[in-house]
Amino acid sequence: MIKNANSDLWAGCIGLALSVAFWFSIDEEIMRLSIMFPKAMIAIMALISILLLVKGILKAERQDLFNVGSNRRVLITALLFFIWGVAISYLGFFVSSVLAILAQAWYLALARRKVTLPTLALWLVVAAGEVAFFYLIFTRLLHVPLPKGILI
Amino acid sequence: MILHCEVVMEKLVLALGALANPVVILIIFSGVSAGLFVGAMPGLTATMALAVLLPFTFTLPPLLGLVALGAVYMGAIYGGSFAAILVNTPGTPSSIASAFEGYPLSRQGRALEAISVATIASAIGGIAGVLFLLFLSPPLARLSLRFGPSEYFWVAILGLTLIASLSEGSLLKGLLGGTIGMMLGTMGVAPIGGETRFTFGMPVMQGGVEMIVALIGLFVLPELYNMAALGRASLGEVTVSSREKASFWRVVKRVLSQPGNLIRSCIIGEIVAIIPGAGGNIANLVAYNEAKRASKHPERFGSGVIEGLVASESSNNVTVAGSMVPLLTLGIPGAPPDAVILGVLLLHGLRPGIELFTTSGVLTYAFIISMGLAALAMVPVGLIGGRLIYRIIFRTPYYFLVPTIGLATILGTFALRNSFSDVIIMLILGTAGYLLKQIGINPPPIVLGLILGGIAEVGYVQSTLGGAAYRFPVLRLFENPLSWILIGMVLFSAAWPYLAALYRRLRSPGVSKGDDP
Amino acid sequence: MYTKSFMVLFSVAAIVMTLTPALVSAEYPEKPVTYIISFNPGGESDVTARLQESHLEKFLGQPVNVTHKPGGGGAVAWSDFQRTAKPDGYTVIGVNIPHIIGQPMLRKDAGYETDGFDLIMWFHFTPNALIVKKDSPYQTLEDFLKYAKENPKAATVGGSGSFSANHLETLRLEKAAEVEVTYVPHTGTGPLVPALLGGHITAAMGYSMLGVQYKDQVRVLGVAADERIETLPDAPTFKELGYDIVGGAFRGVAAPKGTDPQIISKLAKAFSETNKIIAEKQRQLGFVMTYATGEDAYGLVGRMKENYEGILQEIAAKKKKK
């Protein structure tokens, strides 16, 4: 929770940082035709960022950031998503999805209720069912090959 | 293309005859249902669905194959609204604006009403598109050819002025979001020049940021994080009074009670549809914006205004049949799914052009009419399906909803280009989107920038190349009469917020409602 | 005694080892084959693959799964393929000339090498063709070149992509005819058509297929092939008109480097037979069938490399100068 943050200042800084990052990653050998538009865009982005910084100093729009609910839950949920994404290429789609769904459901449910072992077991079946449903639709019906890992 | 009335009528009658076949009806209903499912899943697009269907159509006789494709297409564009309304994620890019009003309606417990509205609006739009295609193809086709690089550029700029009206709150932040979106769109291979930009050394970045990946990431993930933070789902329970309002005839009356909105949105849908390469993605945003502008209470938009939803959903379904105008008359696909349909036509030896309406006239008219039937079929399928989906989502506890929606989006993202890196990009963009939302930079301008940036760049560069022999090549952008019309619209659209405020102040001096934008 | 059992063991081992490859490749394919297309569904590479799919399955006896991995003009799929695909014959990928020649040469981060594939076959060729609208004032190539000569840079020639077959051919024509036109890249063959028909470009250097598909609306001024295309009998070749320009896009299929040569020849045979069956349908669309397998396949790449080398190196040099 960040109280009373100057959101204009933050926005301006982020914008400026992005402008710099993009600008300096431009290959010097690139042809004019390919880069004239992005260069103009970067310039405009930088300009808007500077305007935001100015506004932030003069007539700041202050607001509380990250003040909704539990930020820790958001963090863990995000972490689980990323682990899930990476796990797909190692454990394969099926296994990593079932595990990820179980993990997220368990963690998020803890905020609302008690989770007992039999409940978890039930959820494992539900998760497996869900994933199987989508898996079959995608691989059999739509012919999209889903990554196979160590197990399935 | 002068076709004698009696000949056309004769063909239309024969076409209807060809369609009065239980197999055809079955295909239409299953096509619409399948399309609905595909459209509702964020990550699956209408084009994907058609591409998957393509090999199956080889074995079917041409009419059945085309009917199937048309039904799936119509259903998919409609289905996008479901995800937009229930989970704040456009299921297809043509339903982006549907989320703006649809989702707030859901939170207020009016989800069923919203779904019913979207259904009726989509059906009306679909039929309107078919009528345009049947009766106005020749002049519309000629108009579509007049859109060249300069015109594309100005259309893109016009679209970008939408950012101003769509940014709730700070205009500067909205513009910043727009430029961020445009920069995201520049990553990868330059559309003109073919060189790679901003790949930061990774070969996989040559593929850039796919628009749907960004759409899913920026819309869904922040919503999921929000649910996680709150510890509950955001879907409001539908109250008794709202359920009543969602009844079929009430909704039909409601939608038809604003004919101006409907007519305007359908016309916008058709104009955008005939511009090759535009399509539903842009139509829904422009129609929404116009509905907001024409409303007596534009400030209410964003809190669940039915008119906005109607505008978005009717205009995008117009583009289904509407974008086939250049396709059937000139062989030019008006929207990405049309490329698949073109492939099917060519494979069966059907060449776009006058032949299609004369020699193969019965087939063509049957196909066109079948899309109108598909639009009608959407009503029962959608209403029943909608209620079902709503019930499922409502009954699902939030701690299962989050990972399940995550599953659907990860799957959809992967399936797009068979790319595991796209999944990672989606997660990164989504998380970044959540953070940006905190400081007031919202997803819609970013996605707008992403969609329109590419069009603007191609238009600009191609146009200035066309003026290579001039002293100042950039003047080429101002040459054509069609460009002047568009430039006028751009100026008008950009100046509107100020003009409107001025108008209000002149009308009622001393009562200044709005702040300076 | 020791030696005898050893000899027996040795001979058994020797027999098993000689038979095994024969056994293995006699069994191939034992499971489905994945056929990767590095472009979007609905495009020419995709439509061709779909046409081939069912016949390939008959010849190989296993299902063939067509999947798409678009991005970077094909580079994403090709770089990924060279990095990760196993040379066991169960994954093949569609390849295109001049893309696989031009991209590694001109891009720092293409991520793959032109020679990093085991080529199976080149199945067809769409020659480049200079096309104008039916009601354009230019009836012949000479008319067009005259206009171009008198108005440098004013004539706009559209094409699909940059440094693609269309673009490189335009550059070669400029050099051969000593004219200066302005090449306007388009994001594919699709957008090229409305640009041409709407009069937004003077001419298009597209593929012969366009001339066939839009026969009633366009006129073909010249084709970059050795002989006239059957479906375009009235279109002269550049060669006939005195300009030795032959080129276009070739489509083919390749396997990962190091794949068993026997598997490669089996695949080559399956594709060749398939080609013969779909030849008629493809010819009608304006394709020229080729049957370049084995040595011929590599020879073709070599020849096209030579053809385009001069231009490509000029471009690379111009870039470095900046």
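Analyst: Let's start with chain A, which is divided into domain 1, covering 2-65, and domain 2, covering 71-141. Please keep in mind that this is a predicted model. Taken over C-alpha atoms, the centres of domain 1 of chain A and domain 2 of chain A are separated by 37 Å.

What are these domains built from? Chain A has 5 helices and 2 strands. Chain A is more spread out than a compact globule, because its radius of gyration is 23 Å, well over the 15 Å that the globule rule gives for 152 residues. Along its principal axes, the C-alpha trace of chain A spans about 60 × 45 × 25 Å.

How much of chain A is buried? Of its 152 residues, 43% count as buried, where buried means under 20% relative accessible area. The accessible surface of chain A comes to about 8,300 Å², and 73% of this belongs to carbon and sulfur atoms. As for contacts in chain A with a separation of 6 or more, 70% of them are between residues 24 or more positions apart.

Now for the partner. Chain B has 22 helices and 2 strands. Its radius of gyration is 22 Å, which agrees with the value near 24 Å that a compact globule of 517 residues would have. The C-alpha atoms of chain B fill a box of roughly 70 × 60 × 60 Å along the principal axes. In chain B, 66% of the 517 residues count as buried. Residues 24 or more positions apart make up 78% of the chain B contacts with a separation of 6 or more. Chain B has an accessible surface of about 17,600 Å², with 69% belonging to carbon and sulfur atoms.

Pick out B:Phe478, which lies in the loop between helix 21 (443-466) and helix 22 (481-507) of chain B. B:Phe478 has a relative accessible area of 39%, so it counts as partly exposed, a label for values between the 20% cut-off for buried and the 50% cut-off for exposed.

Terms used
Residues numbered from 1 in each chain as written. Chains lettered and ligands numbered in written order. Predicted model: local features only at pLDDT ≥ 70, side-chain atom pairs only at ≥ 80, totals over all residues. Heavy atoms only, no water. Domains from an automatic or database assignment. Helix = DSSP H or I, 4+ residues; strand = E, 2+ residues; numbered from the N terminus. Buried < 20%, exposed > 50% of the residue type's maximum accessible area, 1.4 Å probe, protein only. Rg over C-alpha atoms; globule rule 2.2 N^0.38 Å. Contact = heavy atoms within 4.5 Å. Areas by Shrake-Rupley, 256 points an atom, 1.4 Å probe, with all protein chains shown as cover.
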